[in-house]
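Good morning, and thank you for coming. I would like to walk you through one structure, beginning with a helix and moving on to the parts around it.

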Amino acid sequence: MKKAARAASARLDGVRSVPMPPMVKYLDQDGELLEKQSMSDELALEGYRVMLRGRRFDERCVSLQRQGRMVTLAPGIGQEAATVGAAMALDATTDWFVPQYRELAGQLWHGYPLRLAFLWHVGHPIAFQVPGDLNMLPFQAAIAGQLPQAVGLAWGLRLKRARGVVVAVFGDGGTSQGDFHEAANLAGVMKAPIIFLCQNNGWAISTTVEQQTASETLAQKAVAYGFPGIQCDGNDLFAVYATVREAVTRARNGEGPTLVEAITYRLGLHTTADDPTRYEPREMHDMWVDRDPLRRMQLHLVSRGVIDRSGLERMEDEVKEELRVAWDEAQKEPAPDPSYYFGHVHASPSTRLGGQLKRFERDGPG
Ligand SMILES: Cc1ncc(C[n+]2csc(CCOP(=O)(O)OP(=O)(O)O)c2C)c(N)n1
């Protein structure tokens with residue numbers, strides 16, 4: 001090969017591999033610490049409790065959906081450490097949590113009430129509004145649609161010289177959306193205090209990450225926008241917490257955004273309308289069951305003597321009772337006026353929507 005051609009080919013080879021910091025990881029699969037971490041045992045136990053609450057909530061909702069008592073939902077089963085770890089790194093009084101739709105466990109840590117979570121999943125409009133004292137945006141079904149808004153929010157905080165930062169959560173599939181790239185570009189230019197938390201759960205419905213992008217990692221996409229990207233073990237509460245905490249410190253110090261790629265796995269359904277057995281290799285699922293973030297944390301807490309078997313059983317009972325109470329309260333909520341669903345779509349209703357409302361008023365929901 002000629003010298004110039006060799007140089008060009010070396011340059012092109014270089015493009016393939018972006019130098020990245022090593023993946024952050026503290027806990028091994030059996031709950032053993034690989035290195036010292038900074039979270040206290042008490043906080044770790046609270047983190048575990050909220051992860052458990054999220055897990056049991058999702059299981060309960062899938063069961064209610066199967067009974068026809070809930071609409072479609074996207075469970076976060078298997079991804080609890082990624083969202084709770086990130087939320088734990090925030091100060092809920094000043095910082096914002098911006099979800100997609102699979103982040104309930106993290107939202108619970110940030111203060112979202114279980115009762116409203118249930119009401120959301122039955123489609124009650126009272127849950128469409130985030131309570132005024134909560135620094136949170138509502139669920140977002142349009143993939144990555146929340147990211148430009150989250151950057152606007154973060155940029156606004158910076159302009160106001162407020163202390164707050166924003167964590168915006170999305171999936172691996174979200175990185176293929178224009179909204180992700182526009183948001184990342186603007187955040188980099190404006191040094192917006194935002195942490196892009198990409199939950200790489202291996203799948204965008206049935207599309208694998210390898211089918212989604214030719215990038216070696218999703219974290220490296222940050223490099224193009226002029227800010228750091230880093231991978232962490234998304235099934236390790238300590239790793240997510242430490243990584244996001246560092247990114248929060250950077251953001252608060254005016255150093256701008258960070259992209260955190262939390263490597264995790266969706267152990268449940270994409271949504272209740274999905275059947276993963278049609279595309280997911282069984283062995284892959286089983287391999288990730290062994291990496292379950294709850295199991296790992298439980299093993300760790302028990303081996304450190306933070307909690308014992310009977311304490312874990314008590315916690316299960318308490319969580320079960322909290323869910324029962326919240327579901328009961330949710331069911332007591334008076335049924336909404338159906339016209340509400342029509343009133344908030346357009347400033348003035350389109351002819352089609354107006355016709356639907358008239359039909360609805362005449363014939364009822366059937
Ligand atoms: C803008 C947009 N395009 C397509 C869809 C349909 N859709 C719903 S979920 C999904 C996959 C999303 O995958 P990912 O971003 O990895 O998040 P995950 O569901 O795995 O948490 C798609 C394509 C959508 N909701 N919004």
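Let us begin with helix H3, whose buried residues are Glu80, Ala81, Ala82, Thr83, Val84, Gly85, Ala86, Ala87 and Met88. A residue is called buried if 20 or more other C-beta atoms lie within 10 Å of its own, exposed if 12 or fewer do, and partly exposed in between, with the C-beta atoms placed from the backbone. Helix H3 spans residues 80–88 and is mostly covered, with 9 of its 9 residues buried. Helices (H or I, at least four residues) and strands (E, at least two) are DSSP runs, numbered from the N terminus.

Two remarks on the source are in order. This is a predicted model, in which local features need pLDDT of at least 70 and side-chain atom pairs count only at pLDDT 80 or more, while totals for chains, interfaces and linings use all residues. Residues are numbered from 1 along each chain as its sequence is written.

I turn now to strand S3, residues 194–200. Is this strand mostly covered or mostly uncovered? S3 is mostly covered, as 7 of its 7 residues are buried. In a regular strand the side chains alternate between the two faces of the sheet. In S3, Ile194, Phe196, Cys198 and Asn200 are buried on one side, and Ile195, Leu197 and Gln199 are buried on the other.

Which strands run parallel to S3? Strand S2 (residues 166–171) is joined to S3 by 6 bridges, and the two run parallel; two strands pair if DSSP finds at least two bridges between them. Within this pair, Phe170 stands opposite Cys198. Strand S7 (residues 258–263) is also parallel to S3 and joined to it by 6 bridges, with Gln199 opposite Ala262. Furthermore, S2, helix H7 (residues 178–190) and S3 form a right-handed β-α-β unit. Right-handed here means that, with the strands pointing away from the viewer, the path from the first strand over the helix to the second runs clockwise.

The next topic is the nonpolar core, a set of buried Ala, Val, Leu, Ile, Met, Phe, Trp, Tyr and Cys residues joined through C-beta atoms within 7 Å. The largest such core has 86 residues, and Val167, Ala168, Ile194, Ile195, Leu197, Val244 and Val260 have the most contacts inside it. Its largest share, 10 residues, comes from helix H10 (residues 237–252). Leaving aside residues up to four places away in sequence, Val260 touches several residues, among them Ile195, Leu197 and Val244; a contact requires C-beta atoms, placed from the backbone, within 7 Å.

Two loop residues also deserve attention. Most residues other than glycine have a negative phi. Lys191, in the loop between H7 and S3, has a positive phi of about 50 degrees. Lys191 counts as partly exposed because it has 18 C-beta neighbours inside 10 Å. Ile205, in the loop between strand S4 (203–204) and strand S5 (207–208), likewise has a positive phi, near 50 degrees. Ile205 is partly exposed because it has 13 C-beta neighbours inside 10 Å.

Finally, I come to the ligand. Which of the 14 residues around it come nearest? They are Ile143, Gly171, Gly173, Gly174 and Ala204, where near means that the C-beta atom, placed from the backbone, lies within 6 Å. The shell divides into 6 nonpolar, 5 polar and 3 charged residues. Ala, Val, Leu, Ile, Met, Phe, Trp, Tyr, Cys and Pro count as nonpolar, Asp, Glu, Lys and Arg as charged, and the others, Gly among them, as polar.

Note on methods
Contact = placed C-beta atoms within 7 Å.
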